[in-house]
Amino acid sequence: MSRFRRQDKRRVPGLNLAAMPDLIFTVLFFFMIVTHMRDVKPQVQYNVPQGTEVDKAVRKSSVVYVFIGKPVDAQGRVVGQESRVQVNDRLVSVSQIGEAIAQERSSMTEEDRQHLVVSIRADRDTEMGLINDVKQALRRADALNINYSAVKVK
């Protein structure tokens, strides 16, 4: 007859952590791939208004962003009270908007030039007179497709 031993000293086996670095790097690569990097750094502070009919822009390469709001410094602090206009990466006056649009158009492909859309991201407290001046400057620059950025009402 065989003899049975009673095991009083049972222990839980240790965790195998050999696959942990692979898992961490896989998650890191996933987030690096799906993260959207901002192309344009706003140099003005703006709070977009709310809207009920909000759609997303289809082509990112044919969009020129126009920010209108109070100027901020590198740390994000407001440095002035008058509204400023920013076209993509540079601050411009209303009279320089046509030149800035022409520069952006020259850096695009022919297909993107045909589908050029100007996206105005204005602060909700910006005076309509300034927005109207920007629209008139865009009209003179032959940038006729304009959309206004807003957040969707919940």
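Arg-77 has a relative accessibility of 52% and counts as exposed, because the threshold for that class is over 50%. In this predicted model, the side chain of Arg-77 forms a salt bridge with that of Asp-73, with an N to O distance of 3.3 Å. Asp-73 is partly exposed, at 21% relative accessible area; the limit for buried is under 20%.

How many salt bridges does a search of the whole structure find? There are two. Arg-113 is partly exposed at 33%, and Glu-110 is partly exposed at 49%.

The nonpolar residues come next. Nonpolar side chains tend to be buried together in soluble globular proteins. Here the largest nonpolar core has 21 residues, and Ile-68 and Ile-101 have the most contacts inside it. Two or more residues each come from strand 3 (63-71), strand 4 (84-87), helix 2 (97-106), strand 6 (117-122) and helix 4 (128-140). Helix 4 gives the most, with five residues.

Leaving aside residues up to four places away in sequence, Ile-68 touches, among others, Val-85, Ile-120, Ala-122, Leu-130, Ile-131 and Val-134. Its contacts also include Arg-84, Arg-121 and Asp-123, as well as Val-44 and Tyr-46.

Terms used. Residues numbered from 1 in each chain as written. Predicted model: local features only at pLDDT ≥ 70, side-chain atom pairs only at ≥ 80, totals over all residues. Heavy atoms only, no water. Salt bridge = Lys/Arg side-chain N within 4 Å of Asp/Glu carboxyl O. Buried < 20%, exposed > 50% of the residue type's maximum accessible area, 1.4 Å probe, protein only. Core = buried A, V, L, I, M, F, W, Y, C linked by side-chain atoms within 4.5 Å. Helix = DSSP H or I, 4+ residues; strand = E, 2+ residues; numbered from the N terminus. Contact = heavy atoms within 4.5 Å.
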